[in-house]
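Please look at the sequence and the model below.

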Amino acid sequence: MPFLYEQFSVREAQERDVLQILEWRNSESVRKWMTSSKKIKVDDHIQWFDSRGKNGTSIFIVSWGSHQIGVFILKLTASTTNEYALTMYVRDEFQNLGVGAVVEWFMLETAFNLRKAKKLTGLMFKQNQVVSLHKYFGF
C-alpha cells in the first residue's frame, strides 16, 4: 500500500493523550517487547507522563488522517553530546500495514532535524519483528 507524506502528521503528546497512551503501552503487543511486561498502573503512567519535561523525554503521536497510529518517544540520555534513546510502537489495529516505517521515519526526522541528535540508541529483543525495519533504516 503506497503512502503519501501529506496523509501523515506528528505532534507532541498533550495532557489529553495520557490515558490513550497508557492503553497503547499496556496492550499485549507492546508490553511483550518492553523491559518489564507487567501492566503499567495508572498512577505510575501519569507520573511518568508528567515528568517528561523534567527528564528530557518527549512523546510524539503520529496520525494517518484522523487516526492516531502510533507513538514514538525520544529520551535525552546525554545532553552534552545530544544523545537520545528511542522507543516506538504502532497501535494494534495498524500493525502489519507498513505504517511502522512511517512512524520510524518521523521519529528519525524529529530526532535528527528538530532535536539535532548526534547519536540514537535503543533496546530491542532480537525476536521482535521490527528488527528488520530498524535494519532497513540503517541500525
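**Strands, burial and cores**

Q: Which residue in S4 stands opposite Val71?
A: Val71 faces Tyr89 of S4. The model is predicted: local features require pLDDT of at least 70 and side-chain atom pairs count only at pLDDT 80 or more, whereas totals for chains, interfaces and linings use all residues. Residues are numbered from 1 along each chain as its sequence is written, and side-chain values use heavy atoms, with hydrogens and water left out.

Q: In what sense do S2 and S3 pair, and over how many bridges?
A: The pairing is antiparallel and runs over eight bridges. Ser58 stands opposite Leu74 in S3. In the hairpin of S2 and S3, two residues separate the strands, and Gly65 has a positive phi near 65°.

Q: What makes S1 and S5 edge strands?
A: The open sheet has five strands in the order S1-S2-S3-S4-S5, with mixed pairing. Strand S1 (8-12) and strand S5 (119-121) each pair on one side only. From one strand to the next, the twist averages 30°.

Q: Where is Val18 found?
A: Val18 is in helix H1, residues 18-25. Helices (H or I, at least four residues) and strands (E, at least two) are DSSP runs, numbered from the N terminus.

Q: Why is Val18 called buried?
A: Buried means under 20% relative accessible area, exposed over 50%, and partly exposed in between (1.4 Å probe, protein chains only). Val18 has 11%, so Val18 is buried.

Q: Why does Ser58 count as buried?
A: The relative accessibility of Ser58 is 10%, so Ser58 counts as buried. The residue is placed in strand S2 (residues 57-64).

Q: What joins the side chains of Ser58 and Arg115?
A: A polar contact of 3.4 Å joins them. The term describes a pair of N or O atoms within 3.5 Å; within protein, one must be able to donate a hydrogen and the other to accept it, and residues adjacent in sequence count only if both atoms are side-chain atoms.

Q: How many residues does the largest nonpolar core have?
A: The largest nonpolar core has 21 residues; Phe8, Ile69, Phe72, Leu74, Val99, Val103 and Leu120 have the most contacts inside it. Helix H4 (99-114) is one of the elements that supply at least two residues of this core, and H4 gives the most, with seven residues. A nonpolar core is a set of buried Ala, Val, Leu, Ile, Met, Phe, Trp, Tyr and Cys residues joined through side-chain atoms within 4.5 Å.

Technical notes. Two strands pair if DSSP finds at least two bridges between them. Axes are lines fitted to C-alpha atoms, for helices over the stretch in contact, and angles run from 0 to 180 degrees between N-to-C directions.
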